[in-house]
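My entries follow in the order I made them.

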Amino acid sequence: KTIKVKAPATIANLVCGFDVLGLCTEVPFDIMEVRLRDDREVIIKSADGYPLPTDPALNTAGAPLLEMIKKLDKDIGFDVIIQKNIKPGSGIGSSAASAAGAVVAANFLLNQPFTKDELVRLAMFGEKVASGVKHADNVAPCIYGGITLVRSIFPLDIIPITAPPLYVSIVHPQIEVRTADARQILRKEVLLKNAVKQWGNIAGLVAGLMKEDYGLISRSLEDVIIEPVRSVLIPGFVDVKKKCLQVGALGGGISGSGPSIFMLSADESTATLVAQEMEDVYQQLGIPAHIYKSNI
Ligand code: HSE
């Protein structure tokens with residue numbers, strides 16, 4: 001029995017919601033083929049020669065599957081073939097796509113014994129391999145689809161957030177930022193006045209999405225805690241943001257831990273203009289970049 005799944009990219013943080021908000025895109029996506037074995041092994045292969053860690057305990061798809069086998073306590077295992085289109089260190093949920101894709105596919109093969117929340121819990125073992133800590137702001141939207149709020153991970157409390165039509169433009173400058181490094185540089189303490197601004201924005205963003213209020217969404221897409229620290233790792237960041245806002249984007253910022261930058265727009269034609277601005281900035285900087293456009 002074999003199953004093939006598309007594991008989509010995700011955008012974590014959504015500017016102000018560090019580690020708690022995330023959304024699922026339509027493109028790009030990894031393609032994963034998973035087959036049942038009758039021993040407790042997990043064998044990981046790359047579909048196109050892209051170098052992936054082959055020790056399952058060190059692989060973002062393998063670690064969650066090993067946990068799943070432990071939970072089931074049965075003589076089953078999995079062969080996994082991954083076409084890794086979302087490259088590690090891109091900031092658009094590469095590790096989450098592998099982790100979520102693996103557990104969703106395995107769950108289908110086993111006739112769905114696990115709930116979505118249980119799959120998120122398992123997929124977080126992949127995030128631990130990638131970044132050293134469990135966080136669910138990429139795996140939750142990857143498994144649930146749409147936009148999710150992770151109110152808490154221990155105990156897990158995921159809330160799907162409804163939203164008006166939104167289009168996302170993403171630029172992935174071809175430099176690598178490791179999530180573990182991008183977390184390392186963050187300050188451990190925040191000023192109360194910044195915290196107040198940040199939680200006002202998170203609440204405003206969630207309310208704006210649910211009330212379908214584009215003005216409120218736009219005003220709330222501000223991050224006074226993480227972006228000022230991490231944006232220095234991304235050449236062109238300030239320029240991209242300024243130019244995209246000038247052509248009508250609602251707002252945006254660093255996608256996950258970077259280097260990708262994302263912008264939200266209320267309509268497709270604005271998202272196209274935004275994508276063009278992104279392309280122009282990196283062309284002028286002489287940094288190769290991939291552009292993606294997707295609806296949510
Ligand atoms: N919330 C995580 C971070 C996402 O920003 O470190 C990493 O993809």
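**Entry 1: terms and ground rules.** I worked on a 1 Å grid over the protein atoms alone; a pocket is an open set of points where a 1.4 Å probe fits, with protein on both sides within 12 Å along at least five of seven lines. Lining residues have an atom within 4 Å of a point. Grid points are joined across faces, edges and corners, and a volume is the space filled by probe spheres set on the points. The model is predicted, so I noted the limits: local features need pLDDT of at least 70, side-chain atom pairs count only at pLDDT 80 or more, and totals for chains, interfaces and linings use all residues. Residues are numbered from 1 along each chain as its sequence is written, and side-chain values use heavy atoms, with hydrogens and water left out.

**Entry 2: second largest pocket.** I found about 370 Å³ of space in the second largest pocket. Its lining has 17 residues, and Leu186, Arg187, Lys188, Ile225 and Ile226 lie nearest the centre. Helices (H or I, at least four residues) and strands (E, at least two) are DSSP runs, numbered from the N terminus. Two or more lining residues come from each of H5, helix H6 (192-211) and helix H8 (227-230). H5 gives the most, with three. I sorted residues by class: Ala, Val, Leu, Ile, Met, Phe, Trp, Tyr, Cys and Pro are nonpolar, Asp, Glu, Lys and Arg charged, and the others, Gly among them, polar. This lining has ten nonpolar, three polar and four charged residues.

**Entry 3: largest pocket.** I read a volume of about 650 Å³ for the largest pocket. It is lined by 40 residues; Pro88, Gly89, Ser94, Ser95 and Ala130 lie nearest its centre. Helix H2 (94-109), helix H3 (116-131) and helix H5 (179-184) each give two or more residues to this lining. H3 gives the most, with four.

**Entry 4: strand E9.** Is E9 enclosed or open? I count a residue as buried under 20% relative accessible area, exposed over 50%, and partly exposed in between (1.4 Å probe, protein chains only). Five of the five residues of E9 (residues 261-265) are buried, so the strand is largely enclosed by the rest of the structure. Ile261, Met263 and Ser265 point one way, Phe262 and Leu264 the other. In a regular strand the side chains alternate between the two faces of the sheet.

I then checked its partners; two strands pair if DSSP finds at least two bridges between them. Strand E7 (residues 167-173) runs antiparallel to E9, with five bridges. Val171 stands opposite Ile261. Strand E8 (residues 251-254) is also antiparallel to E9, with four bridges. Gly251 has Leu264 as its bridge partner. The E8 and E9 hairpin has six residues between the strands, and Gly256 takes a positive phi near 55 degrees.

Entry 5: A nonpolar core is a set of buried Ala, Val, Leu, Ile, Met, Phe, Trp, Tyr and Cys residues joined through side-chain atoms within 4.5 Å. The largest has 62 residues, and Met68 and Phe78 have the most contacts inside it. H2 supplies its largest share, nine residues. Apart from it lies another core of 14 residues, among them Ile234 and Val274.

Val42 lies in strand E3 (residues 42-46). Val42 counts as buried because its relative accessibility is 4%. Beyond neighbours within four places in sequence, Val42 has contacts (heavy atoms within 4.5 Å) that include Pro56, Leu65 and Phe78.
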